[in-house]
Amino acid sequence: MDDEQYMYAAIEQARLAEEQGEVPIGAVILCKGEVIASGFNVRETSQSTLSHAELIAIKQANEKIGSWRLEDCILYVTLEPCPMCAGAIVQSRIPRVVYGASDPKAGCAGTLMNLLGEPRFNHQAEVISGVLKEECGQILSNFFRLLRQKKKEH
């Protein structure tokens, strides 16, 4: 298993979000060695709070395997999951989560707290952090820098 290879696939999803003017966050779900789902952030386009990359990929994976349980899956995401996404990961029983950049404002896979490792829940996920963190972080930094520049111009 090559975590970097699958993180690059998540980065490709983040770039699709960026092309649409969305915050560039991407996710892919691997099941038994095959990418079965992918998603990217579309909150602005959909105007839905729930349109995070992880939730889109989880929904797709549920449909693909025909179950709400994703017990044989690995989630790759470019940014550390927020509380909402961490909750969905726990609920979907994903056993392993690999993320790129840490999120100092909302990260719930180890930065602010670790909901994925909370022993009081009936499920915990192994967390691997920092895979291609520079690349993942740079995409976000560039996006927000350009957004600030555009706001200054108007």
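Predicted model: local features only at pLDDT ≥ 70, side-chain atom pairs only at ≥ 80, totals over all residues.
In which helix is Glu4 found? Glu4 belongs to helix α1, which covers residues 3-19.

Glu4 is partly exposed, at a relative accessible area of 42%. On the surface, Glu4 gathers with Asp2, Glu134 and Glu135 into a patch of negative charge. A patch of positive charge also lies on the surface, and Lys105, Arg145, Arg148 and Lys152 make it up. Of these residues, Lys152 sits in helix α5, which covers residues 133-153. The relative accessibility of Lys152 is 74%, so this residue counts as exposed, a label that requires over 50%.

Next come the salt bridges. Side chains of opposite charge can pair when their charged atoms come close. Across the whole structure, a search finds six salt bridges. One of them joins the side chains of Arg96 and Asp3, with a distance of 3.0 Å from N to O. This pair links distant parts of the chain: Asp3 is in helix α1, while Arg96 is in strand β4 (residues 96-101), and the two are 93 residues apart. Are these two residues buried or exposed? Arg96 has a relative accessibility of 13% and counts as buried. Asp3, with a relative accessible area of 16%, is buried too. Both labels follow because buried means under 20% relative accessible area.

Arg96 has another partner. Glu126 forms a salt bridge with Arg96, and the closest N and O atoms of this pair are 3.4 Å apart. Here again distant parts of the chain are linked, since Glu126 lies in strand β5 (residues 126-128) and Arg96 in strand β4, 30 residues apart. Glu126 counts as partly exposed, at 43% relative accessibility. Through shared partners, the salt bridges join Asp3, Arg96 and Glu126 into one network.

A salt bridge can also be followed within a helix. The side chains of Glu63 and Lys59 meet in a salt bridge of 3.0 Å, N to O. Both residues are in helix α3 (residues 53-65), and because they are four residues apart, about one helical turn separates them. Glu63 is exposed, with a relative accessible area of 55%, and Lys59 is exposed as well, with 52%.

Gln60 also has its place in helix α3. At 32% relative accessibility, Gln60 counts as partly exposed. How far apart in space are Gln60 and Gly130, C-alpha to C-alpha? The distance is 25 Å, and in sequence Gln60 and Gly130 are 70 residues apart.

The last stop is a pair of strands. Strand β1 takes in residues 26-31 and strand β2 takes in residues 34-40. They pair in the antiparallel sense, over six bridges. Within this pairing, Leu30 stands opposite Val35 in β2. How many residues lie between β1 and β2 in the hairpin they form? There are two residues between them, and Lys32 in the turn has a positive phi of about 50°.

How values were computed. Residues numbered from 1 in each chain as written. Heavy atoms only, no water. Pairing = 2+ DSSP bridges. Patch = residues over 30% accessible without salt bridge, like charges linked within 9 Å, V, L, I, M, F, W, Y side chains within 5 Å. Areas by Shrake-Rupley, 256 points an atom, 1.4 Å probe, with all protein chains shown as cover. Salt bridge = Lys/Arg side-chain N within 4 Å of Asp/Glu carboxyl O. Lys, Arg positive; Asp, Glu negative; His and termini not counted. Charge placed at Lys NZ, Arg CZ, Asp CG, Glu CD. Buried < 20%, exposed > 50% of the residue type's maximum accessible area, 1.4 Å probe, protein only.
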